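This briefing covers the salt bridges and the strand pairing of one model. The sequence and structure come first.

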Amino acid sequence: MAIRKADHFTASIFLGRGKYRIEKRSTVIAAMQAAREIESDPAAFTRRAIIYAIAPDGHATLLTPAVIAKLLSPWS
């Protein structure tokens, strides 16, 4: 179930052996910028960061590229 209101957004990337780099941001755009930054981390196991919307109660929703595009263009 998707959340209706986000408390914050996170960008995360897998660093291997149960380790992750997670950046917390207040907006989708800031989380996207953090994702671009951490994708260049030399310790990253992959080159794709994952962005989540975190609800006030802690539930998380994965933001796919299609959802992010819709959030950034709400009037289309």
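The count comes to four salt bridges, each defined as a side-chain nitrogen of Lys or Arg within 4 Å of a carboxyl oxygen of Asp or Glu. A network of salt bridges links Arg21, Glu23, Arg25, Glu37 and Asp41. This is a predicted model, in which local features need pLDDT of at least 70, side-chain atom pairs count only at pLDDT 80 or more, and totals for chains, interfaces and linings use all residues. Residues are numbered from 1 along each chain as its sequence is written, and side-chain values use heavy atoms, with hydrogens and water left out.

**Salt bridges**
- Glu37 and Arg21 form a salt bridge, N to O 3.0 Å; Glu37 is in helix α1 (residues 28-38) and Arg21 in strand β2, so the pair ties together parts 16 residues apart in sequence.
- Asp41 also has a salt bridge with Arg21, with the closest N and O atoms 3.0 Å apart.
- Arg25 and Glu23 meet at 3.4 Å, N to O.

**Accessibility of these residues**
- Asp41 is buried at 13% relative accessible area, and Glu23 is buried at 18% (buried is under 20%, exposed over 50%, partly exposed in between; 1.4 Å probe, protein chains only).
- Partly exposed residues include Glu37 at 43%, Arg25 at 26% and Arg21 at 22%.

**Strand β1**
- Helices (H or I, at least four residues) and strands (E, at least two) are DSSP runs, numbered from the N terminus.
- Seven of the nine residues of β1 (residues 8-16) are buried, so this strand is largely enclosed by the rest of the structure.
- β1 runs antiparallel to β2 (residues 19-25), with seven bridges, and antiparallel to β3 (residues 50-54), with five; strands pair if DSSP finds at least two bridges between them.
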